[in-house]
Amino acid sequence: MTLKILMTIILRIHQKYAERIIDKIILKVDLLITNPKIGRKVPEFDKEFLRELIEGNY
C-alpha cells in the first residue's frame with residue numbers, strides 16, 4: 001500500500017487525523033533511513049534488512 005492510498009483512506013474517516021498520521025509515518029521513515037536496524041524484522045520475510053515500525057493502528 002502506498003502512502004498516498006493510505007492518506008486517501010484515512011482522509012475519508014478524519015482529515016486532521018490523516019494529516020497527523022502521515023506526518024508521523026514520514027518521521028518514522030526518516031528515522032529508518034538514519035537507523036536502519038531499529039524496528040522489528042518482518043516475520044513474513046525473515047530478512048535482516050527488512051524492518052517495520054508500527055504507527056497507531058495502521
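Among contacts in the chain between residues at least 6 apart in sequence, those joining residues at least 24 apart make up 23%. The model behind this value is predicted. The chain contains two helices and two strands, and from the N terminus on these elements follow the order α-α-β-β.

The overall dimensions come next. Along its principal axes, the C-alpha trace spans about 35 × 25 × 15 Å. The chain has 58 residues, of which 16% count as buried. Its accessible surface is about 4,900 Å², and carbon and sulfur atoms account for 60% of that area.

The two helices can be taken as a pair. Helix 1 covers residues 3–13 and helix 2 covers residues 15–34. Their axes come within 7 Å of each other and cross at roughly 150°. Angles over 145 degrees count as roughly antiparallel, and helix 1 and helix 2 are therefore roughly antiparallel to each other. The crossing of helix 1 past helix 2 is right-handed.

Which residues of helix 1 and helix 2 meet? On the side of helix 1 they are L3, L6, M7, I10, L11 and I13. On the side of helix 2 they are Q15, Y17, A18, E19, I21, I22, I25 and I26. By class, the residues of this contact comprise twelve nonpolar, one polar and one charged.

Conventions
Residues are numbered from 1 along each chain as its sequence is written. This is a predicted model: local features need pLDDT of at least 70, side-chain atom pairs count only at pLDDT 80 or more; totals for chains, interfaces and linings use all residues. Side-chain values use heavy atoms; hydrogens and water are left out. Axes are lines fitted to C-alpha atoms, for helices over the stretch in contact, and angles run from 0 to 180 degrees between N-to-C directions. Helices (H or I, at least four residues) and strands (E, at least two) are DSSP runs, numbered from the N terminus. Angles under 35 degrees count as roughly parallel, over 145 as roughly antiparallel, 65 to 115 as roughly perpendicular and the rest as oblique. A crossing is left-handed if the near helix is turned anticlockwise from the far one by less than a right angle, and right-handed if clockwise. Contact means heavy atoms within 4.5 Å. Ala, Val, Leu, Ile, Met, Phe, Trp, Tyr, Cys and Pro count as nonpolar, Asp, Glu, Lys and Arg as charged, and the others, Gly among them, as polar. Buried means under 20% relative accessible area, exposed over 50%, partly exposed in between (1.4 Å probe, protein chains only). Accessible areas come from the Shrake-Rupley method with a 1.4 Å probe; for residues, only the protein chains shown count as cover.
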